[in-house]
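Thank you all for coming.

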Amino acid sequence: MASSRSGPNLSRIATSLGVSIATVSNALSGKGRVSGQLVERIREHAAELGYVPSQAGRALRTGRSGVLGLVLPDIANPLFPKIAQAIEFAASTAGYGVLIADSRGDAAAQTDAINRLVERGVDGMVIIPRRATRISSAACPVALIDTPSTPGNTVSADHWQGGREIGVHLADLGHQRILIIGNNQESSVQNDRADGIRAGMDAGMHSETLWIGKVEQDGGSGCPLGLAEKVREGFTAFAALSDLQALRALTELQQAGISVPGDVSVTGFDDLIWSPVVTPSLTTVRMDMDRIAGIAVSALADTIRKSHAREGVLVTAEIERVAMQLIVRQSSGPASPAPKTSEMENM
């Protein structure tokens, strides 16, 4: 025996109010000629009855699924679940569901993920791309969240400005030699952050960049970064391009007996959930992910509404970059001219 569908349907609403099913449908969808007073009455009654629109029915009527795709480069990175939550909330507010795909850090896998979402009929996608991802393979509108220097970027944090905030902060603390620490030399986001740090430094300050990927090619995954040696060379600030790299630097320095922030300062990016609770708490730069997600989804939804063909198009937004916020905590302090530790004295 077929089970009855849970919740009231259009017929029940129409019967209760003494109007046609077509009138109810038009009032709830915003189509057709229905007076404003009657539209309000129908919607109020539908809400009282707990009516939930049929997604399948809407898809048949409009040719759209009401679902957006979200393609992430690495959901194991603690930053990306935070982004996914912000996108899902923004999409839900706009009336969309979300399907999430994860490439696990592989560009080819990310292209496959895009194709799978297209096959599932998503109306549009939000993509946080890996380098070499084929965005053109998405046969639907795409909102790109990467960095303002990326061609086709829809909206993103202003990573260069965030880096400059770090550079100015360390300059104000009197640091003269800064080691910038990143893990991916090919990342546009990390390069923009590093460029911003250098732009915020005063004349006469010196910086070098340590790419973890290069160090691990020789020393293996998780090998020491040689930060104690960098302290002996006179570096007093370690500006990591993500909080994950900052935590690695912080751990290595502390294991070498180097005090943070007494001897050297450490800073990061992204303000991950644990950044305020590590010891010392981490000075970092925070993205306004809720605002970025809202702008991206709003621009994507507008493009979907205006688009009659399912075609790949990069979505543009009126606001392309959102300022980052410097969060000063315990891991950064005044430069120490001659950091000394018992371990270093024994070397």
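Predicted model: local features only at pLDDT ≥ 70, side-chain atom pairs only at ≥ 80, totals over all residues.

Let me begin with the aromatic rings, where the count of aromatic pairs comes to zero, a pair being two rings of Phe, Tyr or Trp (its six-membered ring) whose centres lie within 6.5 Å. Residues are numbered from 1 along each chain as its sequence is written, and side-chain values use heavy atoms, with hydrogens and water left out.

Now to the helices, which are DSSP runs of H or I with at least four residues, numbered from the N terminus. Two packed helices are described by the angle between their axes and the distance between the axes. The axes are lines fitted to C-alpha atoms over the stretch in contact, and angles run from 0 to 180 degrees between N-to-C directions.

Helix α1 (residues 10–17) and helix α3 (residues 36–49) have axes that come within 10 Å and cross at roughly 120°. That makes α1 oblique to α3, because angles under 35 degrees count as roughly parallel, over 145 as roughly antiparallel, 65 to 115 as roughly perpendicular and the rest as oblique. In this contact (heavy atoms within 4.5 Å), Arg-12, Ile-13, Ser-16 and Leu-17 of α1 meet Arg-41, Ile-42, His-45, Ala-46 and Leu-49 of α3. By class, that gives five nonpolar, two polar and two charged residues.

What is the angle at which helix α5 (residues 79–93) and helix α12 (residues 289–306) pack? The angle is about 45°, with the axes 8 Å apart, and that makes α5 oblique to α12. On the α5 side the residues are Lys-82, Ile-83, Ala-86, Ile-87, Ala-90 and Ala-91, and they meet Met-289, Asp-290, Ala-293, Gly-294 and Val-297 in α12.

Finally, helix α7 (residues 159–172) and helix α8 (residues 188–200) pack at about 35°, with their axes 6 Å apart. The residues of this contact divide into seven nonpolar, five polar and four charged.

Note on methods
Helix = DSSP H or I, 4+ residues; strand = E, 2+ residues; numbered from the N terminus. Nonpolar A, V, L, I, M, F, W, Y, C, P; charged D, E, K, R; others polar. Phe/Tyr/Trp six-rings, centres within 6.5 Å; stacked < 30°, edge-to-face > 60°.
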